[in-house]
Amino acid sequence: MKSMAKKMRFLQCLLLIECYLVLTTGAVVQEKADTGIPVTTLSPPEGNTTFIDGTTWCVAHPGVSQADLQNALDWACGLGMADCREIQEDGPCFNPDTLLSHASYAFNNYYQQNGNSDIACNFGGAATITKNNPSYGKCSYGTSGSVSSSAPPSSKHDPNYMWWKLAVLLLLLYFGS
């Protein structure tokens with residue numbers, strides 16, 4: 001009987017983790033009218049690993065759909081572990097408050113952190129490399145891995161904070177009853 005109770009607690013933990021991940025990462029369930037069309041989800045950037053000479057930045061393609069940009073931005077700030085604090089509401093890169101601007105910042109942060117290689121600036125075709133510095137005002141896109149960070153931390157896209165909360169939740173559920 002104790003074994004069954006532990007299994008139930010474990011399943012409850014998994015369900016809570018799934019709910020927590022969906023709520024904290026802002027995941028959206030996409031429904032397609034035609035079920036014959038596969039729903040693509042973005043994962044780590046794909047492409048060849050070529051390191052770009054000179055100073056370059058990675059920005060979002062203006063012609064990419066809003067859904068593809070949002071998926072790529074969510075990946076960059078989540079699993080990609082880009083530092084997205086600057087595009088949070090009080091951050092220096094929040095304005096203009098557009099998906100294109102926020103995605104460009106996140107893509108570039110990921111690109112800079114991953115050695116300025118073309119594979120780190122793909123995002124399923126949602127991004128491109130430029131030699132034009134996209135920095136403006138107090139918003140610095142940085143160069144060669146030196147991306148500035150002056151905004152207060154935000155738990156929404158901080159993977160370390162998320163996993164810490166999950167670990168505590170699991171421990172409480174497992175040992176709490």
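**Exercise 1: A buried loop residue**

Task: Find where F123 sits, and decide whether F123 is buried or exposed.

Solution: F123 is placed in the loop between α3 and β2, where helices (H or I, at least four residues) and strands (E, at least two) are DSSP runs, numbered from the N terminus. Next, look at the accessibility: F123 counts as buried because its relative accessibility is 2% (buried means under 20% relative accessible area, exposed over 50%, partly exposed in between, with a 1.4 Å probe and protein chains only). Finally, check the backbone: F123 is not a glycine, yet its phi is positive, about 50°.

Before you go on, two notes on the numbers. The model is predicted, so local features need pLDDT of at least 70 and side-chain atom pairs count only at pLDDT 80 or more, while totals for chains, interfaces and linings use all residues. Residues are numbered from 1 along each chain as its sequence is written, and side-chain values use heavy atoms, with hydrogens and water left out.

**Exercise 2: Another positive phi**

Task: What is the phi of N116, and in which loop does N116 lie?

Solution: Start with the angle: phi of N116 is near 55°, a positive value in a residue other than glycine. Then locate N116, which lies in the loop between α3 and β2 (127-130). N116 counts as buried because its relative accessibility is 9%.

**Exercise 3: A cis peptide bond**

Task: Which loop holds P96, and what is omega for the bond from N95 to P96?

Solution: P96 belongs to the loop between α2 and α3. The peptide bond that runs from N95 to P96 has omega near 5° and is cis.

**Exercise 4: Two packed helices**

Task: Describe how α2 packs with α3.

Solution: Two packed helices are described by the angle between their axes and the distance between the axes. Here helix α2 (residues 66-77) and helix α3 (residues 99-113) pack at about 40°, with axes 9 Å apart. (Axes are lines fitted to C-alpha atoms, for helices over the stretch in contact, and angles run from 0 to 180 degrees between N-to-C directions.) That makes α2 oblique to α3 (angles under 35 degrees count as roughly parallel, over 145 as roughly antiparallel, 65 to 115 as roughly perpendicular and the rest as oblique).

**Exercise 5: The whole chain**

Task: How many helices and strands does the protein chain have, and in which pattern?

Solution: Count four helices and two strands. Along the sequence, the pattern reads α-β-α-α-β-α. Of the 177 residues, 32% count as buried.
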